[in-house]
Structures are given as C-alpha cells and as structure tokens.
Amino acid sequence: MALVTRFTEQFNVRHPIVCGGMTAVGTADLIAAVANSGALGFLTALTQPSPEALVKEINRCRDLTDQPFGVNLTILPSIEPIPYDEYRDAAIESGIKIIETAGRSPEPHMPAFRSAGVKVIHKCVSVRHAIKAEQLGVDAVSIDGFECAGHPGEDDIGGLVLIPATTAALTIPVIASGGIADARGLVAALALGADAVNMGTRFVATKEAPVHENVKRQIVANDERSTNLVLRKFRNTARVAKNKVSDAVLEIEDRPESTFDDVADLVSGKRGRTQVLTKGLMDEGMWWAGQTQGLINDIPSCQDLIDRMVTEACELIETRLVPAVRTDASTS
Ligand SMILES: Cc1cc2nc3c(=O)[nH]c(=O)nc-3n(C[C@H](O)[C@H](O)[C@H](O)COP(=O)(O)O)c2cc1C
C-alpha cells in the first residue's frame, strides 16, 4: 500500500513523511536510515563543525543510501558569526538537490538555490511567513504548529488551525509539522490539506538516532505534558523537554529583573548536546522534545516506523473513514 501526494510526486520520495533538520541528531546514521525507509530526511548542516565536514557527512550518507536525502540550513541568531553561505555552497557543490531552510527567510539564498536547480522546503511557524516563502519561489512549505519541538514562534497556534489556514492560503505543497508521531497524525494532516508530514521528536526515539539510549527511553516514559516553553521572555520561545534545567530556566525567567545572561549557561546547546544527548545525563542540560512524547511508546527502527505509519494510515482511511461516508441521505 502507498500514499501518493503532490509531495511524493514532486520530490520523488516514496512516502509523504519527512524527518526535519535536528541539530546533533540529523547525521548520516539517522538520515540514511530514513532515506532507506522511503521517507525524506535532512542532514543538519550546522551539526557539522565546518562546511568541509558537511561535505564529508554528505558523502558518508551517500555511502549508506542510494535514496534521496537533503540538507537543513537553520539560520538563527548566534553570538559567534556562522558562515551560512559557505555551508549552503558546500551542500550545493556536493550535489544536494533538496534543502530545508528554517529560522529566517530563505530570501538571500534563493538565487544560489535556483541557479543550482535545488528544490527548497522552507519551514516556518506562521501563515504570513508561509505566504512570503511561496512568493519567494520555494517549492514547498513545512508549517510547524505550537505542539512542535524547537521554536514554535510567539503566536501559539496549534496545528489543527495552523495547517488548514496555511493550506488554504498556498498553492504549493504544504508539509504539516509539529505534534505528529503516528498514522493518525498523518491521516489528519492529509485531511487538513497537507501533502506530507514532518516529524522530529518521533525520529529521536528510533534505533538509528545517534543519541544516548537514555534519551530515547525518556521520550517513551514522558507524556504530552513533559515539555517546557523556555525563553518566551526574550521572544525566542523554545519547546524543550521538561527537566531540572528547563524548570530552572523558567524560574529565572519569572524573576522580573532577570536577563538572558542569567540563563545563557543553562540553555547552552553545547551543554545539552554533550551532557544529555551524548552522555545520557537527563537532568544536566536542555534538550529539544515536543508534545508528541505523549504519543511515543516504543523505539522502532526507521524502516519499521515508516512501514507501520503508512500501512496503518491506509487502513485507517479504508476501515474508518471510507465506511463512514454515505452517498444517500440515510444514516443507517
Ligand atoms: C532534538 C531536536 C533538534 C531539532 N533541531 C532543529 C534544527 O536544528 N533546525 C530546525 O529547523 N528544526 C529543528 N528541530 C525541529 C524539527 O525539525 C521539527 O520541526 C519538529 O521537531 C517537529 O515537531 P515534533 O517534534 O512535534 O515532530 C529539532 C527538533 C528536535 C526534536
């Protein structure tokens, strides 16, 4: 069984499922497994320490899969300048044909993408930014609802409203993101007008994700309330796993006189990466996770996850939705 959408056709991917860019998680190990499962994954450019290292990682991924995969370029404010143009060019020169942009408008990078024939999926969190991205000429938009791990923005619009509001406003394919972890989310997203789903947290709890086993087990143990929204005070809201560190950040943010400097060490990405993701010390740093933790109950391989999602989605449509339709007025 298969689900065919504008996304699968235009991006030449077997299933309408995407693994979005994930700092420290989106390496060749996971992304090749996603690609081999028939979904589309994104190597996360800035996980690599330099553009040269990104080229090596792209080649490593190619050694592990002959299926399509892309590169995520996340453009966020940072204290030290990041050579975004060089990461972009490294991806293009390595022959990458699909790029996921996020964080900022892809506008400055569009000429380079266009002249190299690269397809662009821009991930954003509001209808107005999705419309802007379509006007800039991107090929698809990934729209991240309030449930998502990472940066949901400041509007707090859940997927049930944000996804159909976006699909109604755009003509290009829309990828529903945030709060999706299984076949039910996939079918719902299609019903809301989306052409595919994007998942983050679900892919962290897979066999191939390059994170400590404790992280995967914690996602399974956690429920839908196990997140905190930190950095709201600084209008850079981030949804992360609830733990001692993110609780402490909230407590500091609550103090009227507190500034970003007071939380900088606690929210450090390096700390989350080394202490939590690598060493599995679950209360020693901040780490990203979404509300879908409440829907994740196992740690499958990517292949099993994707096969299960597609099979169950088809069954759900055939056994639950289609039989509910009556062509005449009778309800019996
Ligand atoms: C551990 C982790 C790291 C992430 N890092 C990034 C990132 O670097 N860039 C980005 O665009 N999105 C990042 N995200 C967001 C995901 O790509 C995706 O948009 C989000 O997880 C979707 O919500 P979900 O977790 O409910 O599936 C990250 C998510 C997780 C769980």
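This is a predicted model: local features need pLDDT of at least 70, side-chain atom pairs count only at pLDDT 80 or more; totals for chains, interfaces and linings use all residues.
How many residues surround the ligand, and which are the closest?

1. The count is 29 residues around the ligand, and the closest are Gly20, Ala102, Cys148, Gly200 and Gly290. Residues are numbered from 1 along each chain as its sequence is written.

2. On the make-up of that shell: ten residues are nonpolar, 15 polar and four charged. Here Ala, Val, Leu, Ile, Met, Phe, Trp, Tyr, Cys and Pro count as nonpolar, Asp, Glu, Lys and Arg as charged, and the others, Gly among them, as polar.

3. Helix α9 (201-204) gives the shell its largest share, three residues. At least two residues each come from β3 (70-74), β8 (196-199) and α9. Helices (H or I, at least four residues) and strands (E, at least two) are DSSP runs, numbered from the N terminus.

4. Now for β7 (residues 174-177), covered on both faces: Val174 and Ala176 are buried on one side, Ile175 and Ser177 on the other. Buried means 20 or more other C-beta atoms within 10 Å of the residue's own, with C-beta atoms placed from the backbone.

5. β7 runs parallel to β6 (residues 140-144), joined by four bridges, and parallel to β8, joined by three. Strands pair if DSSP finds at least two bridges between them. Ile175 stands opposite Ser142 in β6 and has Ala196 as its bridge partner in β8.

Methods:
A residue is near a molecule or strand if its C-beta atom, placed from the backbone, lies within 6 Å of it. A residue is buried if 20 or more other C-beta atoms lie within 10 Å of its own, exposed if 12 or fewer, and partly exposed in between; C-beta atoms are placed from the backbone.
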